[in-house]
Amino acid sequence: MAKKIQPIERCDSDVIHEEIVNKVREKMPQEETLYDLAELFKVFGDSTRIKILWALDESEMCVCDIAFLLNMTQSAISHQLRVLKQAGLVKSRREGKIVFYSLEDEHVKQIFDQGLIHISEESK
């Protein structure tokens, strides 16, 4: 279902509230930190990676199991897991010939859960 685009309201004045601007500027993280945050959120911008994170939120899984679950090739899953691992969102452990993947930590689950809460609020 297409969402109706709402126009952005603008000020009718060009007055700058310097006190507010300066207060916010003082608290704003460094440019590098904001860049890293934007890169993290980009990783969440792919539905395959979201499906993998969802699966790993439920259980630790190997590439074969994730590929079967999502009806994709192991190569495609491995590629996405590499992206997720480089972003610090998943970790792996080897058990013999099998490599199991899981969420890196509780923060990943919290980011995921907050996103789900946000989109469920929008649909109400």
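Helix α3 passes helix α4 in a right-handed crossing, meaning that the near helix is turned clockwise from the far one by less than a right angle. Helices here are DSSP runs of H or I with at least four residues, and strands are runs of E with at least two, numbered from the N terminus.

Quick note on the source. This is a predicted model, where local features need pLDDT of at least 70, side-chain atom pairs count only at pLDDT 80 or more, and totals for chains, interfaces and linings use all residues. Residues are numbered from 1 along each chain as its sequence is written, and side-chain values use heavy atoms, with hydrogens and water left out.

Back to the pair. Which residues of α3 and α4 make the contact? From α3, they are Thr 48, Lys 51, Ile 52, Ala 55 and Leu 56. From α4, they are Ile 66, Leu 69 and Leu 70. Contact means heavy atoms within 4.5 Å.

Now α4 itself, residues 63–70. Val 63, Ile 66, Ala 67 and Leu 70 are buried, that is, under 20% relative accessible area with a 1.4 Å probe, protein chains only. Down the axis of α4, these buried residues fall within an arc of 100 degrees, so they line one face of the helix. The arc is taken from the directions from the helix axis to the C-beta atoms. What covers them? The cover includes α3, β1, α5 and β3. After α4 comes Asn 71, with a positive phi near 55 degrees.

Last stop, strand β3. Ser 102 lies there. Ser 102 is buried, at 15% relative accessible area.

Conventions
Buried < 20%, exposed > 50% of the residue type's maximum accessible area, 1.4 Å probe, protein only.
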